[in-house]
Amino acid sequence: MKIGIDDIGLSVPQHFFALEELAERHGIDPQKYLVGIGQEFMAVPAPDEDIVTLAANAALPLLDDASRASIATVILATESGIDQSKAAGLFVHSLLGLRADCRVVEFKQACYGATAGLQMARALVAQRPHEKVLVIATDIARYEQNSEGECTQGAGAVAMIVAENPRLLELHPHQGRYSLDVSDFWRPNLRSTALVDGKLSIEVYLESLRNAWQSYRADGGLGLEDMSFLCFHQPFTKMAKKAFSVFEAIEPEAAKALGEKAYSTSQLYGKAIGNCYTASLYIALLSLLDNSDEDLTGRNIGLFSYGSGSVGEFFSATVVPGYQAHSRRKAHARMLASRTRLGHEQYSTWFYGDNHPAVADYSTPYVTGGAFRYGDGELTTMSD
Ligand code: CAA
């Protein structure tokens with residue numbers, strides 16, 4: 001049975017902040033962020049956006065009467081949860097008008113959560129092939145202001161429909177997993193920003209990749225020479241280069257044959273959006289599918305998911321014939337091109353201010369320009 005990603009959509013906030021300006025504020029060479037970290041912009045949510053609206057907006061274009069009728073499970077993965085008890089997916093389920101006989105659940109394990117969601121979705125479709133699963137990764141990556149992590153912030157969501165005979169990507173059965181209890185990045189209850197040991201987090205990420213790859217190979221997974229592209233969890237796009245260096249060390253010949261083009265197209269969206277935690281790997285995948293000028297039909301893609309704390313998983317997929325016909329690349333390009341640049345004061349107020357939707361607001365979303373927002377449509381700005 002072929003199971004995989006049948007449709008995939010992106011949603012990003014309509015505002016961004018330039019890393020060049022952040023570097024000026026921090027009094028450092030902009031090249032550190034642009035080249036050393038590999039980030040150009042960070043997406044900034046407005047006060048009337050949050051993980052729920054981002055999630056619903058990513059999924060909305062994927063839905064029609066047929067898909068609404070066949071989605072029997074919604075898995076929403078996030079590490080920017082809005083409630084300790086209720087799944088954020090329930091708000092999304094309601095906004096999207098999905099059927100009532102549907103299970104809705106939230107997954108959490110840092111940036112890895114959506115991959116657990118994807119694997120569960122695969123198992124559910126294997127059990128009940130007539131049903132589809134909606135997996136949504138949605139996050140706002142927020143660090144202490146003026147900390148080393150500030151340049152790796154961002155926000156966005158990716159929605160995927162997992163189904164039998166998928167139109168985009170067939171997931172392979174092989175899985176390489178690695179879990180290790182470590183404090184590299186975490187966000188205790190009542191904190192809105194993450195605590196992070198940045199250097200340790202990079203070390204553990206790379207260690208996790210090495211072990212997950214060995215586990216994937218031991219599970220009968222493809223050799224590196226059988227893959228055309230690699231998509232990595234990208235908290236900042238330089239991380240993909242660091243991840244690829246693991247392969248250069250352990251699989252030197254195959255890595256040399258693949259070269260930088262194995263991951264460079266997957267960095268394009270991330271550079272413009274920033275870290276989206278659970279969504280980052282899937283933004284890298286979308287970046288490859290949307291922006292590659294080659295026909296990817298039949299190509300194998302290796303994917304590495306990492307969530308601090310930590311869990312890593314390496315898995316793979318094959319691009320399905322005819323995938324181009326189901327691409328949403330034009331809509332994604334329009335979404336990114338139509339964003340508005342913020343100055344430092346506005347970015348700072350929106351990212352760090354206490355003006356995000358209150359729980360009471362969750363009952364009053366509205367739709368404007370085809371997108372879900374909160375409030376009465378009047379965006380609160382600095383000048384209000
Ligand atoms: N021109 C060009 N490059 C420059 C430069 C300049 N003027 N100045 C510095 N650089 C380079 C450095 O050489 C370095 O490159 P390498 O990593 O290739 O050596 C790079 O810029 C970064 O410089 P530093 O290491 O000095 O940066 P830093 O100490 O300020 O912090 C960071 C970098 C640790 C990534 C920090 O931004 C951070 O803590 N980020 C959040 C944590 C994170 O993203 N961790 C990733 C792994 S964990 C994970 O993946 C889960 C998740 O999503 C959080």
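The structure is a predicted model, in which local features need pLDDT of at least 70 and side-chain atom pairs count only at pLDDT 80 or more, while totals for chains, interfaces and linings use all residues. Residues are numbered from 1 along each chain as its sequence is written.

The chain contains 13 helices and 17 strands. Helices (H or I, at least four residues) and strands (E, at least two) are DSSP runs, numbered from the N terminus. The radius of gyration is 19 Å, close to the 21 Å that the globule rule gives for 384 residues, so the chain is as compact as a globular protein of that length. This radius is taken over C-alpha atoms, and the rule is 2.2 Å times the number of residues to the power 0.38. Along its principal axes, the C-alpha trace spans about 60 × 50 × 40 Å. Of the 384 residues, 50% count as buried (20 or more other C-beta atoms within 10 Å of the residue's own, with C-beta atoms placed from the backbone).

The UniProt record, an unreviewed entry, annotates residues 3-163 as "domain: Hydroxymethylglutaryl-coenzyme A synthase N-terminal". UniProt positions follow the numbering used here, feature names are shortened, and annotations may be inferred rather than shown by experiment. Over residues 3-163 the chain is 33% helix and 30% strand. The end C-alpha atoms of this stretch are 6 Å apart.

The ligand is surrounded by 27 residues (C-beta atom, placed from the backbone, within 6 Å of the ligand). The closest are Q31, G36, G198, S201 and P235. Helix 2 (30-37), helix 7 (198-218) and helix 8 (238-250) each supply at least two residues of this shell.

Conventions: A residue is buried if 20 or more other C-beta atoms lie within 10 Å of its own, exposed if 12 or fewer, and partly exposed in between; C-beta atoms are placed from the backbone.
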